[in-house]
Structure formats: C-alpha cells, structure tokens
Amino acid sequence: MAVANYSEEHEIVITDRFNDLLASCSKVVKKEEDWELIRRAFFLAKEAHKGVLRRSGEPYILHPIAVAKIVVEEIGLGVKSVAAALLHDVVEDTAYTVEEIKTIFGEKIAYMVDGLTKMAGVVNTDTSKQAAYFRKVLLTLSDDVRVILIKIADRLHNMRTMASMPRDKQVKISSETLYLFAPLAYRLGLYAIKTELEDLSLRYRYPEQYFEIVRKLDETDPDRSEFIDRFIAPIRQRLSENGIEFTIAGRVKSIFSIWAKMQRKGIPFEDVYDLFAIRIVFKPMELIPEKSQCWHIYSLITDIYAPKPDRIRDWVNFPKANGYEALHATVMGPDGIWAEVQIRSERMEEIAERGFAAHWKYKQAHSSEDEFDKWLKEVRNALKGPTEDAVEFLDNVRLTLYTNEIVVFTPQGDPRKMPQGATVLDFAYNIHTNVGNKAIGAKVNHKIESIFETLKNGDQIEIITSDNSHPNLDWLDHVTTAKAKQSITTYLKRSRENNVERGIELFDRRMAEFGITPSARVFRKILPAYECKNKDEFYSKLGSGIINLDEVDKVLRQNSMNKVLKFWDIQLTKPFKSNRQNDPLLVGSSDTKDADTPKFVIAEGCNPIPGDEIVGYRNPGTNTIVVHKAGCEDITRLAAQHGENIVTSIKWSSYKAESYLAEIEVRGIDRVGILVDLSQVITLELGINIRELAIQSHDGIFEGKICVYVKDTENLNALQDRVGSIKGIEKVKRVL
C-alpha cells in the first residue's frame, strides 16, 4: 500500500461505491438510526484510511466498502455487520483503538472489530502462531459467528482483487484460502462463496490448468445447453400439469470441482461426465410438508427418467451439518447420459445460498437444537481440549469443516451423522470417549467387523468393548473425526509421560552396560537409526515397547557419516537466493558442488517424477528443498502455513537417477494368465522394473496395485497405455 492524496476521480469513485452500498442496505435498514450508523462508520473508516492506496492503485477505502457489500448482499447480514465490515481494518492498520470504537459505536460493533483484528493473525507465517490466533477467533464464534462471516467476505474480496499481487503472494494467499477459508465457508453453508474461493484459488495456483478447463467448458457449452433443454422440457411440462410453482435450470459444476475430479481419478477433462446438475426450486404448498413435496416431485421425475438407486442423497430427512437441505437424485436422461437433479424448496434454496444468516432467520421459529448448534458444541469441546500442540489443534478443527456425510445408526436405531470415510472407531468415540478407548470390534449390520472397518451409509453398529483394550499410535491412522483424534491423542499423551520415564530408565541401564554416558554425539547416531525425531520420541517408543535395544551396539559402532536420507543433487542457473520466476531452479544433477548449491529430496507422500508439474518447499535452516507434485495436499498445507518457503520457479532438468518410483492401479475381468501377461508386458516388453505387484480377485473381477520404477511421465504414460491394451484390463490409473 502507498499513501497519496485522493484525486478528484478517486473521490467520485468512492462516492459512487458508497451509494451503491447504501442501495444494497435498503433491504436490512429498519429505521433512520440505521442509516446514520452506516454513514458514521463509513466516514470514520474513510478518514482513518485517508490517502492510502492499494497495490492496484485504488483508494484503500474501496476495500471495506466492497466487504460491507458482500456482507449484506451475498451473506445477508444486517446493519451492525455492515458497520463492522466498514471498520474491520481500522484498528489493525490505523491509530484507532478498540476502546475508541466501543465509545463511538457501542460494545457489539467493537467486539466484532476486535475479533476481526485478531483474525488477521490467521495468516501469520508461523504455524503455531497461526493456529493459536485461529483458536482465539473460534472462541468468538460461540458468541458471534458474524466475526468469521465478515472475515470470509474480506478474504473473498482480497481474492477477487489479487491480480496485481506478486506471484509468490498469490500462491501463499490462495493456499491459505483453500486450506482454511473455503472449508470454513462450506461449514457455514456459504456454497456460492465457497465455490468462488476454490475457483479463484485454482486460478492463481495453477493458472494454465484453470484456463484450459474454462476453454473446454466454453467449447462444449452449445452441446451441453442443447442436452439440458431437451432434458428439462418434459419435467417442466409434468410439474406444471400437477400445479407446482417452480423454477428449473441447469448449472455447470465449478471449475475447481472438475479439476479436483480430474486429479482424484487421474482422468482428462473429456472423461468427466457429470459437468452439470439440474436444479428445481419449488414454492411450498400450504399444509403439505416440504419433505413430502420433495418426494412428490421426485416421483414425477422418475416417471419420465429411470433413477439410479444408489445415487439418491436424502438431505431433507437428514440435513447436512451446515444446514443444507435438498433431495438429490441421478437419473438416466436422453442419449443414455446420467444427470443429477437437485430438488429443494425456496426456504432450502435460501439456506443453501445464504448459509448461516438464513439458517438463523428460520431458526427463530424452532427452539430445538439443530445441526449447526451441534457443530458449535463440537467446536467448543475442541477448544476445551489439550492445547500443547497448536498445529494439531488447527488440523483437528479443520476435520470438522469440510466433509461429505453419511448417516449410520445405533443398535437402538438412533441416527448419527458421520463424515464419509469414518470408521467403526470414529463411531465408538462419537458415542463416548470411554467407549472408543475400550473398543475391540463391532457388529456392523449384525456381522463382526474390525474397529478399522470403514462405515457405509445406513450401517447399524454395535460397539464391542474390553477393559483390556486401550488406544495406541496406530489408531490415529484409522480415524477421521476430530473428536476421535483428540481423544486418542489425549490418552497417548498421558501414557507417553509414563513411557518416557520408563524409556530413560531402560536406556541409561543399557548404556551403563557399555560404560557409555548418553551424550549429544550418542543421540546423533541413535535417533536416525531408530527413526525418531527427538529424544522424547525415542524414550517414549522405547518405554512403550515399540522399539528395543537388542542391536544398539551395532548402531553405536556405525560410521557417523552414514546418512538416513539420500538426497538428489540440484543444479542452479543462478545463486540460490535468486528465486525470481525467470531464474528457475533446475531439478537434476550438477558436476559442480559448492556450499551454496542446495540439495533436494523427492517428497515421499506424492512421489513426483520428471514430467510432473512440481513445487518446492525449502526446509528452514537447511540447504534442502523438498520437491512435491503440484496440487498435493501437503504442499497446499505448507504453502498456507509457510508461504515464504515455497519455491514456485522450479522445473526438471537433467537428472542422474535412472528411475523413479510410481504406482498404478489396475482393474478388469479376471482370466487365466492375466498376471503373466501383466508381468511380461511390463518387464520384458517395456523393460521396466517391478518393485511390487499385488492382485486380488473377487467374483470374476480383479483389482491390483503395481509399483514400478520409471524414468519420467512419458515412460509411465507409455506403460499405462500398453497395460490398458491387455485383454481384460478395464482401468489403469496412476496413484503416485
């Protein structure tokens, strides 16, 4: 930002934008005092930000005006929220204090401005501070969720106006948005805003892929529009004949959701068939429940088009945790094309578009606890939990934000909402912490299953417990809910304290046998050998029996120069400190080695190979860059938390490694000799080494994973094409 006197043109633009805001506020203003409150907030904000320009060259005051308009127009909040939005940067960026805001505008608005000022810390580059600040903001959510709603509006406008920002800032802010703000918008029911935040994040993180999808959507629009018109015509006629007042339209799915599906399934744009959905919004009839009307419309539609039974999503009887209600069905349309139909009332539509604001409006008539109240209770419980690891807390809270849901049942038939992918163990902790801690198995639909079994929609679960059972570290890999992770972590932390004491005793006793005094030099050998990050982890694993000291003498005799990690070399065209976009880091090999030449390591989680689009993460305090595949979840999280360490100008160069590990999934019709054909094509015909091949066959269908060593993506694509041509192979997809 820069400071300059506002020109006459600036003043004209400011006046026009403020008048536009006032026009939007007419729907929420109830009395003259409301108009006066908005004007006072505007004039104070304008004076406080006087002469300040944004990077784009616009007067800074246009930003809070735009945020206030989003608050009233797109979220549906009221007058006090508009005033708080206009003032949201005043305390953070100017000399005004919260006390002064309280004196001028009252306690409630000052409270919101104070919460918004604290929220600025969420984008702190230090992860622990980021999580700690977010915790403070969540404390305000229980009392006044408007603080977070205004912050989401603030982030939305920043994303809309980010074109003038430098590339590294665009990547960092986009990653933060995707990591935290889009899930938060989803959890508060702001579907339209959540979708726009995701699309804008994709646009700035991967612009080439974003605009390629836009181009292909434009190219296919005429054919898609023609199909939608043909699909809708008989439905429109049938609903009108039955006296139903409604609107119906086809909506293209978001660019981000299309991209995410392409990434998830490893398919090109042309293989994404569910590019749109048909939405029906009806006006409710008096004295007839909305649920009944949804199912009535469904029956009229399925008289025309055959439904796909396993693709019915009943969110009218079981609303989503963010309040979303609708009936979704997939039906077979013209030309043998499946199409999704969404059925909702005008009230359901308003809640879907406006989220929490509409939820609160309709809740006035119902005093009973709803799904949103249950989520707030879950957040409050999380806030009361252990606070030693702020990052862990932030990750646990995120688990409550962004999940598809299923409905399962207790033995008594009580429904429980669980995130898709939840296990029996998640369900046990959902019942009670003590039930989870003692779980050893379950009867799922009256069949004995493991506590790690993944639940499906409609399952009925009875937990089997034992006093001899207790959580272990492995359990954390088999739960998805925040409550389960927090409960297991709490138990392990209590146990760990005892294990550390026992581990110290065992290690000291063993070292005494060799006449060795534990020292930093000893631990430099011990920790890597036992794959431990620090002494506490080593002592804890030793005390709990996860590791033992049977071969510790061999470890101590090893050459101190042995390394646990094998680093690839990196070749630079410029000194490492020069990280401009036109001075890319070339991932490969170099004959020249010096102290300034960084090294890089391939990220194990996503295993990029030459030809993949890559992003680097510079490990703080080291001369090492970890190379990730662009779009991998780990790099999104790292960019959100430590954006200053992200290396975007990086590409593959010559590389001395002959091969890279990749994994593919195969699926097809089982037959005699299929395994022999697979191994011959891969090893003999293509000359590719197989590290691991695992095949399972059920009812004539086989599925398997093959780990291979390839040179680059071209080599891998050739492998996939050739394997896909083998008789009986139906599907070949890259996993890593």
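This is a predicted model: local features need pLDDT of at least 70, side-chain atom pairs count only at pLDDT 80 or more; totals for chains, interfaces and linings use all residues.
A residue counts as exposed when its relative accessible area is over 50%, and Asp 467, at 68%, is therefore exposed.

- Asp 467 forms a salt bridge with Lys 438, with the closest N and O atoms 3.4 Å apart.
- This pair links distant parts of the chain, 29 residues apart, since Asp 467 lies in the loop between strand 12 (461–465) and helix 21 (482–514), while Lys 438 lies in the loop between helix 20 (433–437) and strand 10 (439–444).
- Lys 438 is partly exposed, its relative accessible area being 35%.

**Salt bridges between buried residues**
- In helix 10 (residues 167–187), Lys 172 and Glu 176 are four residues apart and so separated by about one helical turn, and their side chains meet in a salt bridge at 2.9 Å, N to O.
- Lys 172 is buried at a relative accessible area of 13%, and Glu 176 is likewise buried at 4%.
- A salt bridge of 2.8 Å, N to O, joins the side chains of Glu 349 and Arg 344, of which Glu 349 is buried at 14% and Arg 344 at 2% relative accessibility.

**Packing of helix 1 and helix 2**
- The axes of helix 1 (residues 8–25) and helix 2 (residues 32–48) come within 12 Å and cross at roughly 155°, and the two helices are therefore roughly antiparallel.
- The crossing of helix 1 and helix 2 is right-handed, and its contact involves Glu 11, Ile 14, Phe 18, Leu 22 and Cys 25 of helix 1 with Trp 35, Ile 38, Arg 39, Phe 42 and Lys 46 of helix 2.
- The residues of this contact comprise seven nonpolar, no polar and three charged.

Definitions and conventions. Residues are numbered from 1 along each chain as its sequence is written. Side-chain values use heavy atoms; hydrogens and water are left out. Axes are lines fitted to C-alpha atoms, for helices over the stretch in contact, and angles run from 0 to 180 degrees between N-to-C directions. Angles under 35 degrees count as roughly parallel, over 145 as roughly antiparallel, 65 to 115 as roughly perpendicular and the rest as oblique. A crossing is left-handed if the near helix is turned anticlockwise from the far one by less than a right angle, and right-handed if clockwise. Contact means heavy atoms within 4.5 Å. Ala, Val, Leu, Ile, Met, Phe, Trp, Tyr, Cys and Pro count as nonpolar, Asp, Glu, Lys and Arg as charged, and the others, Gly among them, as polar. A salt bridge is a side-chain nitrogen of Lys or Arg within 4 Å of a carboxyl oxygen of Asp or Glu. Buried means under 20% relative accessible area, exposed over 50%, partly exposed in between (1.4 Å probe, protein chains only).
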